[in-house]
Amino acid sequence: MGHSRRRAIRTMSNICVSGIKRFPNTRFVINALTTKQEHISDINNKYDQLSAIVRVVDKQGVYKEKPFPGTKTMDIKSVAKCLKEDIGQTVKRIGDARDVFGSTVVVVVAKDESGVPVSLTQTRNAKSMLNGVVKQKRNTVEPKFLNPLDHVRAAGSAAWGEGELDQLEEEVAGVLNAYRPTGRGQEEVDMALQRIRTMLEGKSWGDSIQLVLFGSRGYGICNDSSDIDMMITSKHTNKERNKAEVKRALKEVSSGLRSMRGFYNIVNISSTRVPIVKFKYCRPKSGLEFEGDISCSNAMALHKTSLVKQYIDMDGRVRSVLVVLKKWAKLREISDSNTMNSYGLMMMALAFLISRRVVPPLQLLATTQAGDRCWTGLSAMHESASRIQAAYWKPGSVVMPREPFSCLETGAKLPVCEIGGSNAYFCQIDTTAEWQSPNKSTASQLLFEFFHFYGFSFDPLTHAVSPRLGSPSVSRKYLTKLEAPDCQKYLKDPKQWGQKLRLLAIEDPFETSLNCGRNAPAEWVEGLLWEMRRAASILAPGYHQQVGGKGRRLERLLLPPATSIYGDYAAWASVYRLLVPQMMKATKSQLYDPASGLRPDAMLDLDALEKAQMGIVGQETVETSAGAGAQRRDFGNNSRPPPRNKQRRRNASKPSLPDATTTANWRRAEQHPAERVRPAV
């Protein structure tokens, strides 16, 4: 076994790399391609040797009925002599041929006292048999790539079929109805809040203490499994004192939680940007378990929650898009606290919805009566670096320019809401009754357009996402304060990818220097964009005819990733369009040709594999490509699978067989265990 092959096997066993769970490191992909290339080279070398032997025996061999009828026999020394004279090769260890191709083609019929082969036999039609065996071996070893799905690009202008949108809207409505907290779950959350409030009443670090919810439970996109994010608000205003008070308060909170029944796994984290106390809460009687955290005097988080809630209240389609997006990111194992949480994905969605005029840019308006003047001014701002630069508010400015802080619709100056050196202003009025969107698309249409845009039109090298400016594709170079350095500077040096390459730039709506995608590895970003293309292909007009039944498009959209499909690292070479070519260039190797990777015979049949997964998996658990155990499908609000014994009886009553493609993948995983995703410890 070669050194590179051993290195590949050793590397593949360590799938849990910091910051990457779903999408493998580029070096894993290169190692997998190298291993497969070595296997193919080994097969080709054996094939050349055996082909030469077959030609010699077929030309000069003597026909004999024994020991095998219908064979030609030739002395091994004569074969070696002929090969050496004709093509300069010598026969060495021909017995190894049986280890590679079996005894179908070439059979050793005798050995001398030292065990060296002395004669060969060749079956009839040996050449065709040899070619068939080699083809089968190559098909087993050659990499199969994920479909880049470029053909879905044209679906952006396709027409919807009759009744297609109505069916898709029903599926979206079903997801929305299921993604709500149950009555029992809400009671448990309220009880936890009340118990913590009672504990806080005895504390003495500030007057008028209030415990409030924020995050997903604050703006209403949650279910029973959602975290409980709480905040303690007080009237401290001194910055230095506030920081000290926060640390002291959280220390007392963690001590108080440890003395309360039902709270456990309590951790005080004070070294982060926003200090928090993390905990778990469960009452034995209810059986429901919650994770949560408590922060102190984080007014910016409350304003962010209010902004998202304002957008949700303005148009019901916003909630529909955000709920499906959040559930999709969770079940597809995309959102992660170590890479980018659901908040970053929501900012991508809000920026897109504003650009489609579903909701107006609240941070640039004093009214929700946004007309042509607003949208014209917004488009002009996106094309002007000077206008965007002028829109940044500077703390302590007494006189502010009229243009950046004037309402795009009325021209009136906008107020400033300073929190921690940032302007947290946005239009806060009764928008529910006043706003009428000029965009009449359905929620399912907007979902498809969202995935289609980010999958095919968004360029991570040049574009940045800005919900503040209402654009999902503002030029990166215009946002000079954003923590998103030029990608081209670091893309050519793979050694700097982990520390400095930031392919995803998402401007926080208030803290304009904060990049919500700052922790996302480059592989995660390219994997995310491919997942967007996959989602667009499922929601595309006309796809309902290929699913295999009505009402199953979102079922496939939300399928958890299976190891049998995504476990082969080499398959990701077609997804990493930016990283793999740069890595091959840096290592001076040509392991993957993008043109050959687009051939139909070189791609995985994703449709067949995922349809088989829908038929086999149903509501059961499946092994995930993250290798971190089994990923549960959604079992309703409680997110709990049925009891194991009932599940087994249910499976036994509904037997199902895998198709040929799935069986081939299983055999392939058994033959190449080094490429199988292993669970993390």
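Tutor: Welcome! In this predicted model, local features need pLDDT of at least 70 and side-chain atom pairs count only at pLDDT 80 or more, while totals for chains, interfaces and linings use all residues. Residues are numbered from 1 along each chain as its sequence is written, and side-chain values use heavy atoms, leaving out hydrogens and water.

Student: Why is Lys477 called exposed?

Tutor: Exposed means over 50% relative accessible area, buried under 20%, and partly exposed in between (1.4 Å probe, protein chains only). Lys477 has 65%, so Lys477 counts as exposed.

Student: Where does Lys477 lie?

Tutor: Lys477 sits in the loop between strand E13 (471-475) and helix H17 (487-491). Helices (H or I, at least four residues) and strands (E, at least two) are DSSP runs, numbered from the N terminus. The protein chain has 25 helices and 15 strands.

Student: What makes a set of residues a nonpolar core?

Tutor: Its members are buried Ala, Val, Leu, Ile, Met, Phe, Trp, Tyr and Cys residues, joined through side-chain atoms within 4.5 Å. The largest one here has 133 residues, and Trp328 and Phe451 have the most contacts inside it. A second, separate core of 25 residues includes Met199, Val253, Ile266 and Phe279.

Student: Which residues does Trp328 touch, not counting those up to four places away in sequence?

Tutor: Among them are Ile334, Phe451, Leu528 and Glu531. A contact means heavy atoms within 4.5 Å.

Student: How much of the protein chain is buried?

Tutor: Of its 681 residues, 52% count as buried.
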